[in-house]
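Me: I would like to go through this structure feature by feature. Please give the general idea each time, then the case at hand.

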Amino acid sequence: MPSCFSCENSIEVTERVGRRDSCPKCHADLHCCKNCEFYDRSAYNECRESQADRVLDKEKSNFCDYFQLAQAPHAMKENDVAAEAKRKLEALFKKK
């Protein structure tokens, strides 16, 4: 279920997220990079969509036509990647 990047509150979306829509709990903008499926801190301009225009403030509403509300919070995805990397390192240096 989609959630707000700011407060991680679950968001019930029945239609497309509009540019002026905000989180009912913390009032953060929903149509922003940090709530987008294409947001990736390690990608060029922090976006995996190569045709998207550059957006400087990733937490504010924007006019991006490629916006898709992320189904899982990015913090969770980043934590999963970090946990997997840590597990691999521990396995590599594990004493037998």
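Reply: Start with the surface: the protein chain has an accessible surface of about 7,300 Å², and 49% of that belongs to carbon and sulfur atoms. Accessible areas come from the Shrake-Rupley method with a 1.4 Å probe, and for residues only the protein chains shown count as cover. This is a predicted model, in which local features need pLDDT of at least 70 and side-chain atom pairs count only at pLDDT 80 or more, while totals for chains, interfaces and linings use all residues. Residues are numbered from 1 along each chain as its sequence is written, and side-chain values use heavy atoms, with hydrogens and water left out.

Me: What share of the residues is buried?

Reply: Buried means under 20% relative accessible area, exposed over 50%, and partly exposed in between (1.4 Å probe, protein chains only). Of the 96 residues in the protein chain, 28% are buried.

Me: Which residues make up the largest nonpolar core?

Reply: A nonpolar core is a set of buried Ala, Val, Leu, Ile, Met, Phe, Trp, Tyr and Cys residues joined through side-chain atoms within 4.5 Å. The largest has ten residues: Cys 4, Ile 11, Val 17, Cys 23, Ala 28, Leu 30, Cys 36, Phe 38, Phe 67 and Leu 69. Contact means heavy atoms within 4.5 Å. Residues up to four places away in sequence aside, Phe 67 touches Val 17, Leu 30, His 31, Cys 32, Asn 35 and Cys 36.

Me: Which side chain of opposite charge is nearest to Lys 58?

Reply: Lys and Arg count as positive, Asp and Glu as negative; His and the chain ends are not counted. A salt bridge is a side-chain nitrogen of Lys or Arg within 4 Å of a carboxyl oxygen of Asp or Glu. The nearest to Lys 58 is Glu 46, 4.0 Å away, yet buried Lys 58 has no salt bridge. Lys 58 lies in the segment before α1 (74–92).

Me: Is Leu 92 buried or exposed?

Reply: Leu 92 counts as exposed because its relative accessibility is 61%. Its place is in helix α1.

Me: How far apart are Gln 71 and Ser 3 in sequence and in space?

Reply: They are 68 residues apart in sequence and 7.3 Å apart in space, C-alpha to C-alpha. Gln 71 is found in the segment before α1.

Notes. Helices (H or I, at least four residues) and strands (E, at least two) are DSSP runs, numbered from the N terminus.
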